[in-house]
Amino acid sequence: MNKQNWSSATYQLNQQGKAYVMVTLIGITGSTPRDSGTKMVITHDEFFDTIGGGHLEFKATKFAHKLLKKGVNAQHIEHFQLGSQLGQCCGGTATVLFECFAATGINIMLFGAGHVGQALMPILSALPCQITWVDSRAEQFPANAETLNNTRVIVSETPEDEVANMPANSYFIVMTHNHQMDFDISQAILKRGDFSYLGLIASDTKWRRFKQRYKHRDIDEALVERMHCPIGLPDVTGKLPMEVAVSVAGQVISCYQTSEHHKVSQEEGSQQGVPLKTIKQLVSDIN
């Protein structure tokens, strides 16, 4: 068990955009390991606090992991007979509320630790996202790179190989010091074809050349059309590193907010929460 309590854990997980399940004992009868109102938090690979341990907690954790795999917000109530069902010597009953909070963060891979990359990272690290920062030059990363929130630093002489390690629907920002490297990285992303965002920093001349090269490599033109080049919001035209960084961050935020809005719209009309009939039955069983 992680020493962090459930309250501070939920704050940190919400800040990071990570998925978790809040488990609450909402009703008990007889002898039980913990009192009504006791909470714990369960993620894919950690848990915080406890509802008493033993078989009840094992079953609760297993069920929480099933909810997490679905990747959607959900609420569910389960009723456990500690003696007859779970073989616990205390022998009471426990009604457990499971509240699943789906991940809200996005996965971002930033290629390039130059002036713009260094200006961009503090902004991205304050967003609900997981960031992988890649460059071929170890000395380019600032001393505090590893301490930035939600950030993993990778030094690789072949950064394009890192593309394969990202999950589907990731966000990719390409701004290295080398044009050939930018091409190799962007080509690897386009060949995957499952990105949510691909932004490339480039002049008009560089962009025209890249599009010709993609065409010669038989890259689907529809995928190339999805790229953001020039990168950033069109109304923010400044060239200073911080101006470019703010423009890129604004575009990334706009993209993931649009995606989240579309997801919510698709879920409208679906059943949310625990059915009233189930709640009434469980309350009746407790009483």
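## Aromatic pairs, salt bridges and surface charge

Trp133 and Phe141 are both buried. Their ring centres lie 5.1 Å apart with the planes at 90°, so this pair is edge-to-face. The model described here is a predicted one. Across the whole structure, a search finds eight aromatic pairs.

Another of these pairs joins Phe183 and Tyr214. The ring centres of Phe183 and Tyr214 are 5.3 Å apart and the planes stand at 15°, so the pair counts as stacked. Phe183 belongs to helix 4 (residues 179-192) and Tyr214 to helix 5 (residues 204-216), so that distant parts of the chain, 31 residues apart, are linked by the pair. Phe183 is buried, and Tyr214 is buried as well. Both residues also belong to a cluster linked by ring pairs, whose members are Phe183, Trp207, Phe210 and Tyr214.

How many salt bridges does the structure hold? There are three salt bridges in the structure, listed below.

| Salt bridge | N to O distance |
|---|---|
| Asp135 and Arg137 | 2.9 Å |
| Lys206 and Asp182 | 2.6 Å |
| Arg192 and Asp194 | 2.9 Å |

In the salt bridge of Asp135 with Arg137, the acidic residue Asp135 is buried, having a relative accessible area of 3%. Are the residues of the salt bridge between Arg192 and Asp194 buried or partly exposed? Arg192 is partly exposed, its relative accessible area being 27%. Asp194 is likewise partly exposed, at 25%. In general, side chains of opposite charge can pair when their charged atoms come close.

Charge is also found at the surface. Lys59, Lys62, Lys66 and Lys70 form a positive surface patch. One of these residues, Lys62, sits in helix 2 (residues 54-70). Lys62 has a relative accessible area of 52%, and because the cut-off for exposed is over 50%, Lys62 counts as exposed.

Gly52 lies in the loop between strand 3 (47-48) and helix 2. With 32% relative accessibility, Gly52 counts as partly exposed. Between Gly52 and Thr38, which are 14 residues apart along the chain, the C-alpha separation is 8.8 Å. Gln118 is part of helix 3 (residues 115-124). This residue, Gln118, is partly exposed, with 31% relative accessible area. The C-alpha atoms of Gln118 and Pro142 are 7.6 Å apart in space, while the two residues are 24 residues apart in sequence.

Terms used:
Residues are numbered from 1 along each chain as its sequence is written. This is a predicted model: local features need pLDDT of at least 70, side-chain atom pairs count only at pLDDT 80 or more; totals for chains, interfaces and linings use all residues. Side-chain values use heavy atoms; hydrogens and water are left out. Patches are made of residues with over 30% relative accessible area and no salt bridge: like charges are joined within 9 Å, nonpolar side chains (Val, Leu, Ile, Met, Phe, Trp, Tyr) within 5 Å. Accessible areas come from the Shrake-Rupley method with a 1.4 Å probe; for residues, only the protein chains shown count as cover. A salt bridge is a side-chain nitrogen of Lys or Arg within 4 Å of a carboxyl oxygen of Asp or Glu. Lys and Arg count as positive and Asp and Glu as negative; His and the chain ends are not counted. The place of a charge is taken as NZ of Lys, CZ of Arg, CG of Asp or CD of Glu. Helices (H or I, at least four residues) and strands (E, at least two) are DSSP runs, numbered from the N terminus. Buried means under 20% relative accessible area, exposed over 50%, partly exposed in between (1.4 Å probe, protein chains only). Rings of Phe, Tyr and Trp (its six-membered ring) pair if their centres lie within 6.5 Å; planes under 30 degrees apart count as stacked, over 60 as edge-to-face and the rest as tilted.
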